[in-house]
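Please look at the sequence and the structure below. The report that follows goes through the ligand surroundings and then the salt bridges.

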Amino acid sequence: MSLTIDKNTIDYSLYLVTNSEIVPESLDFYDQVEKALQNGVTIVQLREKNLDTDHFIDRARKLHQITKKYNVPLLINDRIDVALAIDAEGVHVGQDDMAAEEAREKIGQDKILGVTVNNERDAMAAIKSTARIDYLGIGSAYSTTTKEMTKPILGPGGIKKILEVLHDGKPEMKSVIIGGLNKYNITRTLNECRYKDFCTNGAAVVSCIMASHDASLATKETLRSINLAYDNEEALHPYKHPNIVQEKPLTHFITNAVAKYFSANVCIAIGGSPIMSELSEEFSFFAKISKGSLCMNTGTMSNASIHMYKKAISEYNAHMVPIIYDPVACGATQPRREIAKMMIEHGRYSVIKGNMAEICSLAGANGVTMRGVDSDLNLNDLEIVDILSKLAVKTQAVIVMTGKKDIIVDGIIPTKKPRVCFISGGHELMGKITASGCALGGVIASYLAVCSYFHTFEAAIDAVALYKEAGYLAGQQSKGPGTFLANFTDELYELSRKPYRLLSTNIIRE
Ligand SMILES: Nc1ncnc2c1ncn2[C@@H]1O[C@H](COP(=O)(O)OP(=O)(O)O)[C@@H](O)[C@H]1O
Ligand SMILES: Cc1ncsc1CCOP(=O)(O)O
Ligand SMILES: [Mg+2]
């Protein structure tokens, strides 16, 4: 028996599309969906592309028993016969599967009917259809490995155009956005995907819950991102300074040849646990370890590196594990600029860190307009913050720009003006040793590994400030760069084992 549903009150806000093939090996498909239901999924679509009819019906029936317990509607992808066999609450059909009219005729008037639309023409056809369509799945918003990408990626721009069609033609029709959405990008995407005040009714997700090792947490965090967009308030837990020594997070470094030894030592000094690996076969293993992060540094790439970088960022992104990207010397040559552009297009990062030349070059290569970058980088704070803010919003990452004064800008939590923090102090010897920026990347990565994604900005500030403080203290005792290296490691070690209190570092938050 199906649930009694009132079509006017269906909650589309967190729409889970299942994929049994990406559930981590040690976990069970039904448990995974049940955890999602327990933690706030509001509607479920069973999507099985490789099951024969008997198995499909069997799976649908079992899943229906679970969804009914939570009073959540179950829709079946494509297979009307399966939906009817188990009396599911509805069906979802893609553009290439079956016409909406035919689907409606087969399922009757009471069931929920959803269709996928990829462009304004599809949306127009759905509005005009004689079949009563309940909602549109608008996608693909971004690229995704869940579905073969045969249709163009819409991006917020394409989605807005479809919403305009819906707004003008049939504003009562519901809609959800789908494709490449996860806790990292949902807030901003839902905020951007509005036509006037008209917005979608929810976000549909697959891998960010189905592939997660902790589906309960993944669902909670995804839901929080959605609520953040709709309520526009920070429903956050208070931030607490993490204890790296106690939590011993694992940071996987793909870093340059110059920085490996120093970065590993710095990481150990602050209580973290580094692993240097460029063996792509083991990336998925690291990405599944809880309290982990990736420090992705492209300082000494070779012709063989690109494939490995892509593999790493897709593994860590798929498992929602934080990545810090350090685009070392990315503006130095045209090939480096191109690789940096590719890195931004292919991956999502919690933090992007670089010195002024690197960050400005990255911003320029990614369409951020600015003044002076080709000349002497003689920019004032306002101009820098403007460039950083645009890059932060574009990449939905926290941007850390290092130098005498470090500047950190938040592109994750949406506020009218991105949050900004300035950190000064340290010592000039920090700029006179190689790989000090690279090793800072590892410190930030260790902090990210033990913090909620929503606290990326705070975690980055704490990591950068700790580093500055150790630099200051080490600088006071050092004769030159050689002794500084040793003193700096000692100070990081000591500071990390004391209550977090910085006396010589000035933190100004705007
Ligand atoms: N003149 C300076 N005074 C204080 N801190 C500095 C100075 N130069 C660099 N630092 C610090 O050194 C670290 C590395 O920064 P930077 O040298 O800008 O990066 P990179 O090594 O990537 O070029 C950062 O923590 C930064 O705050
Ligand atoms: C010298 C050098 N060459 C390629 S990467 C690298 C280290 C750069 O380190 P940092 O960016 O921290 O100064
Ligand atoms: Mg440096």
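## Ligand 2

A polar backbone atom of Cys-438 lies 2.8 Å from an oxygen atom of ligand 2. This is a polar contact, meaning a pair of N or O atoms within 3.5 Å; within protein, one must be able to donate a hydrogen and the other to accept it, and residues adjacent in sequence count only if both atoms are side-chain atoms. Gly-437 also places a polar backbone atom 2.9 Å from an oxygen atom of ligand 2, and for Ser-436 the distance is 3.3 Å. On its own, ligand 2 has 380 Å² of accessible area, of which the protein covers 68%. Accessible areas come from the Shrake-Rupley method with a 1.4 Å probe, and for residues only the protein chains shown count as cover.

The residues around ligand 2 include Asn-256, Val-258, Gly-299, Thr-300 and Val-328. A residue is near a molecule if one of its heavy atoms lies within 4 Å of it. The shell around ligand 2 has four nonpolar residues, six polar ones and no charged ones. In this count, Ala, Val, Leu, Ile, Met, Phe, Trp, Tyr, Cys and Pro are nonpolar, Asp, Glu, Lys and Arg are charged, and the others, Gly among them, are polar.

## How the model is described

This is a predicted model, in which local features need pLDDT of at least 70 and side-chain atom pairs count only at pLDDT 80 or more, while totals for chains, interfaces and linings use all residues. Residues are numbered from 1 along each chain as its sequence is written, chains are lettered from A and ligands numbered from 1 in the order in which they are written, and side-chain values use heavy atoms, with hydrogens and water left out.

## Ligand 1

Ligand 1 is surrounded by 16 residues, and Asn-355, Thr-402, Asp-406, Gly-437 and Lys-468 are the closest. The shell around ligand 1 consists of three nonpolar, nine polar and four charged residues. Helix 17 (436–449) and helix 18 (456–477) each supply at least two residues of this shell. The largest share, three residues, comes from helix 17. Helices (H or I, at least four residues) and strands (E, at least two) are DSSP runs, numbered from the N terminus.

An N or O atom in the side chain of Lys-468 is 2.6 Å from an oxygen atom of ligand 1. For a polar side-chain atom of Asp-406 the distance is 2.7 Å, and for a backbone N or O atom of Gly-403 it is 3.2 Å. The protein covers 83% of the 550 Å² of accessible area that ligand 1 has on its own.

## Salt bridges

Side chains of opposite charge can pair when their charged atoms come close. The whole structure has 22 salt bridges, each a side-chain nitrogen of Lys or Arg within 4 Å of a carboxyl oxygen of Asp or Glu. In one of them, Lys-311 pairs with Glu-315 at 3.1 Å between the closest N and O atoms. Both residues lie in helix 13 (residues 305–318), four residues apart, about one turn of the helix. Glu-315 is buried at 14% relative accessibility, and Lys-311 is partly exposed at 29%; buried means under 20% relative accessible area, exposed over 50%, and partly exposed in between (1.4 Å probe, protein chains only).

Another salt bridge joins Arg-509 and Glu-458, with the closest N and O atoms 3.9 Å apart. This pair links distant parts of the chain, since Arg-509 is in strand 19 (residues 506–509) and Glu-458 in helix 18, 51 residues apart. Arg-509 and Glu-458 also belong to a network of salt bridges with Asp-410 and Arg-419.
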